[in-house]
Amino acid sequence: MQHSVSIRDLSLNFGSVKVLQHLDLDIAQGEFIVLLGPSGCGKSTLLNCIAGLLDVSDGQIFIGGKNVTWEEPKDRGIGMVFQSYALYPQMTVERNLSFGLRVAGMNKDEIDKRVARAAEILQMGALLDRKPANLSGGQRQRVAIGRALVRDVDVFLFDEPLSNLDAKLRSDLRVEIKRLHQRLKNTMIYVTHDQIEALTLADRIAVMKNGEIQQLSDPHTIYNKPVNLYVAGFIGSPSMNFFQGALDGNTFVCDDGTKISVANYQFANPVTGKTKAVLGARPEHIVLGEDARSMPFSTEAEIEIVEPMGSDTLAWTTIAGHQITFRVNSDVVLKSGQKVVVGFDAGRGSIFSTDTTNRL
């Protein structure tokens, strides 16, 4: 299979500080990859290495089968969209879009054609004569995307392009970027710390921590079968509930002695003997009332906090000495102090080794 971008044994050090360590990543032609992680995990640094804005300490970068490790950014066949719009304030939208092409000496007819195409794709034909000061944040970011679009390249790099926008605009532009990818079918590498952006946009997500990729997979697998405790806790809002305890055959014994059946759980590797472990359950997998009684594990609990979210409701309680969050439909009326029966099937959850933090 032809890889659009290949990263081989990439390392980057700033002096004695190791930022990226022996990274390998293959991105297929037309794939949408999201680099996800908290601030300082190395995701933007990796993107800047691909773009040629940072010189790598070791390893190689291939784009379209060509080794571009030491090529200038302009020679790598990439278009980049930054967090800051970086538009020229004295130029109109049309001039901002065409600036790079004019500097490169492209003929006027081709420039006009590319600008018109970008304006049509991003629905900003009416904005071409305006200056950035007369545009909203969302319109400015569209122009920044358009400036990458006119370069007519195979690989687009996005560095947290929506983080300066308000929630409504972020949601709208997210849909536009997805639509753009479906229409252009270009390779896109997108950096964000926002898991909603990652889960909704990506074909595959690379979850990063301390300059290393913890898990690289499709959103469904990342969410439902996190490879370790870090990924499990990072993905999901509110995050996964965790029970500390030990695994003993088909039973998980919490630290306070509560027993939870794990008979339905599919282990990645057979576990023998008693093993210190952590059991994780997503808030939406915990049910209450009559449905809870038919679950492999159920118990009575008292509602502590209720947080209505519109379409659904979050509630907090304590089970087996652990703070637990669960999610119910907004039709279900809950009150603080109310006694309810809650339950879940550990088969839908995740179990991790306490020692290695890896999935069992």
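The legends below describe several close-up views of one predicted model.

Residues are numbered from 1 along each chain as its sequence is written. Local features need pLDDT of at least 70 and side-chain atom pairs count only at pLDDT 80 or more, while totals for chains, interfaces and linings use all residues, and side-chain values use heavy atoms, with hydrogens and water left out.

**View 1**
Four strands make an open sheet in the order β2-β1-β4-β5, with antiparallel pairing; helices (H or I, at least four residues) and strands (E, at least two) are DSSP runs, numbered from the N terminus, and two strands pair if DSSP finds at least two bridges between them. The edge strands, each pairing on one side only, are β2 (17–28) and β5 (66–67). Strand β1 (residues 3–14) and strand β4 (residues 58–63) run antiparallel and are joined by five bridges, and S11 has D58 of β4 as its bridge partner. Helix α1 (residues 43–51) lies across β1, β2 and β4 and runs at about 115° to β1, where axes are lines fitted to C-alpha atoms, for helices over the stretch in contact, and angles run from 0 to 180 degrees between N-to-C directions. Eight of the nine residues of α1 are buried (under 20% relative accessible area, with exposed over 50% and partly exposed in between, for a 1.4 Å probe and protein chains only). These buried residues are K43, T45, L46, L47, N48, C49, I50 and A51. G52, which follows α1, has a positive phi, near 90°.

In helix α2 (residues 93–103), the residues V93, N96, L97, S98 and L101 are buried, and what covers them includes α3 and α4 (137–149). Just after α2, G105 takes a positive phi of about 80°. The axes of helix α3 (residues 108–121) and helix α5 (residues 167–184) come within 11 Å and cross at roughly 130°. That angle makes α3 oblique to α5, given that angles under 35 degrees count as roughly parallel, over 145 as roughly antiparallel, 65 to 115 as roughly perpendicular and the rest as oblique. R117, E120 and I121 of α3 make the contact with L180, R183 and L184 of α5, contact meaning heavy atoms within 4.5 Å. By class, this contact has three nonpolar, no polar and three charged residues (Ala, Val, Leu, Ile, Met, Phe, Trp, Tyr, Cys and Pro count as nonpolar, Asp, Glu, Lys and Arg as charged, and the others, Gly among them, as polar).

R170 lies in helix α5 and is partly exposed, with a relative accessible area of 23%. Not counting residues up to four places away in sequence, R170 touches L162, S163, L165, D194 and E197.

S217 is found in strand β10 (residues 212–217) and is buried, with a relative accessible area of 14%. A polar contact of 3.4 Å joins the side chains of S217 and D218; such a contact is a pair of N or O atoms within 3.5 Å, and within protein one must be able to donate a hydrogen and the other to accept it, while residues adjacent in sequence count only if both atoms are side-chain atoms. Leaving aside neighbours within four places in sequence, S217 is in contact with R204, I205 and I222. V231 belongs to helix α8 (residues 229–234) and counts as buried at 0% relative accessibility. With neighbours within four places again left aside, V231 is in contact with V207, Q214, Q215, I222 and P226.

Strand β17 (residues 305–308) runs antiparallel to β18, joined by four bridges, and the bridge partner of I305 in β18 is W316. Three residues lie between β17 and β18 in their hairpin, and G310 in the turn has a positive phi of about 100°. Strand β18 (residues 312–319) is mostly covered, with six of its eight residues buried. Eight bridges pair β18 with strand β19 (residues 322–329) in the antiparallel sense, and I319 has H322 of β19 as its bridge partner. The hairpin of β18 and β19 has two residues between the strands, and A320 takes a positive phi near 55° there.
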